[in-house]
There are 2 protein chains.
Amino acid sequence: MYPQYLNYKMPAEWTTHARTFISWPVQDSMCYPEDYENVCRGYAEIIQAVAEFEPVTVVVNPDAADMLPHFIKNKNIEYLFIEHNDAWLRDNGPTFLVNDEGDLSGVNWHFNAWGGKYTPWDLDEELASKILEHTRVRCFDAPLVMEGGSIHVDGEGTMITTEECLLNRNRNPELSKEQIEDYLRKYLSVNKIIWLKKGLHGDETDGHVDNVACFVAPGKILLQVCDDSSDENCSNTRENLKILSEVSDAQGRKLEIITIQQPPLRTYNDRRLTLSYLNFYFVNGGIILPIFGGEAETTDQMAIRKLSEIFPERRIRTVNGMAIIREGGNVHCMTQQMPAGREK
Amino acid sequence: MYPQYLNYKMPAEWTTHARTFISWPVQDSMCYPEDYENVCRGYAEIIQAVAEFEPVTVVVNPDAADMLPHFIKNKNIEYLFIEHNDAWLRDNGPTFLVNDEGDLSGVNWHFNAWGGKYTPWDLDEELASKILEHTRVRCFDAPLVMEGGSIHVDGEGTMITTEECLLNRNRNPELSKEQIEDYLRKYLSVNKIIWLKKGLHGDETDGHVDNVACFVAPGKILLQVCDDSSDENCSNTRENLKILSEVSDAQGRKLEIITIQQPPLRTYNDRRLTLSYLNFYFVNGGIILPIFGGEAETTDQMAIRKLSEIFPERRIRTVNGMAIIREGGNVHCMTQQMPAGREK
């Protein structure tokens with residue numbers, strides 16, 4: 001039985017959360033393991049920022065238990081000991097659904113570490129089902145390799161994603177675009193899928209949509225853009241802007257598109273860092289926004305102002321977006337919302 | 001503003017729980033610190049038994065973080081790091097309330113370590129409000145020294161307690177019985193308080209009711225009795241039985257009284273252990289029942305049979321009642337239910 005047939009759907013991220021799940025980083029999985037302490041400090045800052053707004057459960061490897069009180073002084077954080085290979089719960093965690101009666105369930109996607117890039121991933125392939133078991137909500141096993149960061153929904157039937165990621169041969173080579181669409185409809189109860197082309201240049205996730213575009217309300221899209229024609233992101237964002245300006249959503253609406261300037265290019269060890277303001281995360285009553293400082297100060301301020309205008313009723317809580325970005329992700333990548341609803 | 005005026009009341013323990021809170025034991029606070037590992041094992045067994053039925057959050061001192069994965073293998077347990085002096089969350093935790101709309105709140109009683117018996121208790125005096133802050137439910141500070149183990153309610157306006165504890169000069173010497181009753185009415189929305197005389201002989205809590213009597217349904221009381229006239233508990237239980245058989249509850253009902261035989265007397269270091277089957281704990285769909293083995297095998301079996309008859313729809317999950325009893329309490333003393341309801 002598919003979730004769609006039971007009226008379960010994925011709510012928009014801005015609907016009320018019961019709590020946020022975040023995985024504690026794992027040194028062995030890191031691109032720069034020597035940064036582990038700094039990355040832990042970065043995680044701790046973001047975890048505590050989210051906890052200002054809603055309950056947070058941190059998924060921790062048992063052998064990291066003794067570190068936690070050292071890094072996280074806030075008492076209002078809960079810990080769950082589940083072994084995992086890597087962090088980034090957006091991508092290897094469950095996607096929670098809610099039905100018309102307010103009952104929760106969740107989708108357990110297959111996970112292959114972003115197209116087989118990082119071994120091992122056996123524990124992370126099992127993580128979503130373990131979290132669903134813990135939260136005592138029904139688990140739907142989807143026969144699709146997918147990460148939560150590659151999709152966004154408006155809660156009213158529309159999804160945005162990127163071809164670069166979802167149609168990548170390193171994910172589901174045996175499935176056609178139509179078959180993938182069919183699964184997304186059945187597991188998330190969406191009926192209109194908007195395919196952008198590419199995500200951020202250099203994004204090792206193969207262009208996750210959560211670095212380039214997101215819904216800010218039904219019918220309203222925020223898109224990170226680049227005006228510098230020497231930057232690969234310039235043509236990518238123009239292409240996406242064109243698609244969005246021509247498409248209509250599941251409710252037949254033309255989309256209102258709001259743009260936000262990307263931060264200046266920054267590299268580390270000759271690799272482009274995937275800096276994005278769109279990797280922000282909705283929390284109850286607020287938004288956790290990564291900002292980057294230094295040369296990015298101007299665009300930082302523009303991003304803060306833009307989000308404040310779009311969401312006058314939400315507190316824009318900025319965090320240091322440089323703290324963990326060298327590991328490839330940011331606030332949205334590390335979080336996974338569990339919507340308010342009945343767990344039983 | 002008192003909770004009563006806002007329609008908040010303490011639900012009966014058998015109504016559906018959102019989860020159970022349990023504090024991890026603290027070696028420094030123990031009567032027999034050399035038993036710490038055994039006691040931790042006993043706690044771990046009971047924590048995992050409760051987790052078979054519902055979510056469990058364990059409140060842990062930060063410096064005990066590294067022990068947890070060693071003792072608790074079940075993944076479905078959450079941990080919350082809050083410093084505390086001693087365990088027994090029934091007594092130093094909050095008492096959760098629910099209003100007609102299903103909103104949660106909680107009462108933060110004053111706590112003085114069972115009449116000032118064990119120092120220090122400064123952290124435990126603050127524990128209930130910290131847990132309420134964590135669960136984001138409204139906190140009502142009650143100007144009354146009280147432990148949760150000294151009361152039971154039927155959820156329909158009736159409370160039972162003991163004079164030995166609530167009127168003890170070591171708790172609220174400045175308050176009259178009428179003033180104490182008045183606070184109980186205002187903070188728990190009860191309107192009939194049944195005063196038993198004494199609890200178990202030798203109980204260092206000064207006769208907590210949760211070792212001698214409890215509601216099993218509105219209008220129905222379970223009482224642990226003793227037939228051996230050479231045992232101090234014999235006259236105590238007869239006295240309580242007489243009170244219960246003459247009184248009516250908040251709804252005007254005469255009480256149906258069911259009795260359960262106490263286990264045989266057992267001592268440790270010349271101190272009587274306060275063995276009680278009534279220190280069981282309701283969980284969603286079950287009951288966690290301490291049994292004592294050895295010479296108690298006959299009464300153990302009688303208790304299991306009795307509870308199975310009273311609760312045919314609940315699974316009676318027995319645990320080793322000897323594991324932690326030398327520290328003074330058992331399953332009910334260590335647990336605190338958070339009822340199902342809205343946390344926000």
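Two residues are in contact if their C-beta atoms, placed from the backbone, lie within 7 Å. This is a predicted model: local features need pLDDT of at least 70, side-chain atom pairs count only at pLDDT 80 or more, and totals for chains, interfaces and linings use all residues. Residues are numbered from 1 along each chain as its sequence is written, while chains are lettered from A and ligands numbered from 1 in the order in which they are written.

**View 1. The contact between chain A and chain B.** Chain A gives 18 residues and chain B gives 18 residues. Helix 2 (68–71), strand 3 (77–81) and helix 5 (122–135) of chain A each supply at least two residues of the side that touches chain B. Helices (H or I, at least four residues) and strands (E, at least two) are DSSP runs, numbered from the N terminus. Strand 3 of chain A brings the largest share, four residues.

**View 2. Strand 3 of chain A beside strand 3 of chain B.** The two strands pair in the antiparallel sense over three bridges. Strands pair if DSSP finds at least two bridges between them. Y79(A) has Y79(B) as its bridge partner.

**View 3. An open sheet in chain B.** Three strands line up in the order 15-16-17, with mixed pairing. Strand 15 (281–283) and strand 17 (315–320) of chain B stand at the edges, each with a single partner strand, so one side of each has no neighbour in the sheet. Strand 15 and strand 16 (residues 286–291) of chain B pair in the antiparallel sense over three bridges. Here Y281(B) stands opposite I288(B).
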